[in-house]
Amino acid sequence: MAESHREIEHNSTSSASFTVTEVSPTSPTWPNFSSPPSDNEPIEATTLSPGSIIRVQPMNRQHGGWDDSHFSPDLTLPPSHCPTNGMIVTFEGMGRECIAIALSPQSQFVLGKTYVVHFGANGNLSTVLRRREANGTEAVDASFPSSKVCSERHWNQYWVCIYKGKLSAGFGGIPGKECIGSLNDSLYDTLRTGPDAVRCVGIGNSVLGYRNVSDLKVRKMMVCGIPVGMGEALVMEKWQGIVGGGRG
């Protein structure tokens, strides 16, 4: 009889372990490219260790809620990928609302340079894509209806992608498909320097200021770059607003 698989829970992103693996074109999380890469070779990806779950408590308001516990120096693009070519994040999440994924040039929140996607914001009614300006009072953002995109009863799949200043987020396991919405920040992308290209990922719980708040969980996280020359081939297909039964 096979042994049951025991999942290990970590109380922060910083305490979890990540490894560099390969993702092949036959993987169920392979991006929605209109055509395969010319070499059809696997790409390197940073992944959360198998069987691991990250539990994230509600964030406080200091520094917008982000602190070092939400990041890990190992949760970043693999060394073989150039940050200026863009990046993709896929994961499974379980929570009532407000699963927050940060894309940053450093393993910390950098005001004016870090993007955050809030899945299930505003009471699990919308998804918000945002980059707060360096002055701390203004932001470049966009909000999209996404009722019940989060669930506290089962695991759902999500993805985040950024390429040439266009930040996109979606529901499901295939980057590009079921796209909830995109934020066009191409002007900033044109003006920023190479070191400011995002390469690190943070995981947060942005249910700020609500009563009866609860923890959320994330598992099966993967971070990879977009293969050279394939950014334009990543097709975005609009989300149909259907939330499935989730995963066990």
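## The chain at a glance

The chain contains two helices and 15 strands. Keep in mind as you look around that this is a predicted model. Of the 248 residues in the chain, 52% are buried. The accessible surface comes to about 11,900 Å², and carbon and sulfur atoms account for 49% of that surface.

How far apart in sequence are the residues that touch? Take the contacts between residues at least 6 apart in sequence: 70% of them join residues at least 24 apart.

Let's start with strand β11, which covers residues 156-163. Is this strand mostly covered or mostly uncovered? Seven of its eight residues are buried, so to speak under cover.

Strand β11 pairs with strand β6 (residues 87-94) in the antiparallel sense, over seven bridges.

β11 and β12 form a hairpin with two residues between the strands. In this hairpin, Lys 164 takes a positive phi near 50°.

## Nonpolar cores

In soluble globular proteins, nonpolar side chains tend to be buried together. In this model, the largest nonpolar core has 39 residues. Which residues have the most contacts inside this core? They are Leu 103, Phe 119 and Met 221. Strand β15 (residues 216-225) gives the core its largest share, four residues. There is also a second, separate core of 16 residues, with Trp 159, Tyr 163, Met 222 and Ile 226 among them.

Leaving aside its neighbours within four places in sequence, Leu 103 is in contact with residues including Met 87, Val 89, Tyr 115, Val 160, Ile 162 and Leu 167. Val 198, Cys 200 and Val 201 are also among the contacts of Leu 103.

## Aromatic rings

Next, the rings. A search of the whole structure finds seven aromatic pairs. In one of them, the rings of Phe 91 and Phe 119 have centres 6.0 Å apart and planes at 70°, so the pair is edge-to-face. Phe 91 belongs to strand β6 and Phe 119 to strand β8 (residues 115-120), so this pair ties together parts that are 28 residues apart in sequence. Phe 91 and Phe 119 are both buried.

Phe 91 forms an aromatic pair with Tyr 158 as well, and this pair is stacked, with 5.3 Å from centre to centre and 25° between the planes. Phe 91 in strand β6 and Tyr 158 in strand β11 are 67 residues apart, so to follow this pair is to link distant parts of the chain. Tyr 158 is buried, as is Phe 91. Which residues form one aromatic cluster with Phe 91? The cluster is made of Phe 91, Phe 119, Tyr 158, Phe 171 and Trp 239.

## A look at helix α2

Finally, a helix. Asp 189 has its place in helix α2, which covers residues 186-191. The side chains of Asp 189 and Arg 192 are joined by a polar contact of 3.0 Å. Leaving aside neighbours within four places in sequence, Asp 189 is in contact with Lys 164 and Gly 165.

Note on methods
Residues are numbered from 1 along each chain as its sequence is written. This is a predicted model: local features need pLDDT of at least 70, side-chain atom pairs count only at pLDDT 80 or more; totals for chains, interfaces and linings use all residues. Side-chain values use heavy atoms; hydrogens and water are left out. Buried means under 20% relative accessible area, exposed over 50%, partly exposed in between (1.4 Å probe, protein chains only). Contact means heavy atoms within 4.5 Å. Accessible areas come from the Shrake-Rupley method with a 1.4 Å probe; for residues, only the protein chains shown count as cover. A polar contact is a pair of N or O atoms within 3.5 Å; within protein, one must be able to donate a hydrogen and the other to accept it, and residues adjacent in sequence count only if both atoms are side-chain atoms. A nonpolar core is a set of buried Ala, Val, Leu, Ile, Met, Phe, Trp, Tyr and Cys residues joined through side-chain atoms within 4.5 Å. Two strands pair if DSSP finds at least two bridges between them. Rings of Phe, Tyr and Trp (its six-membered ring) pair if their centres lie within 6.5 Å; planes under 30 degrees apart count as stacked, over 60 as edge-to-face and the rest as tilted.
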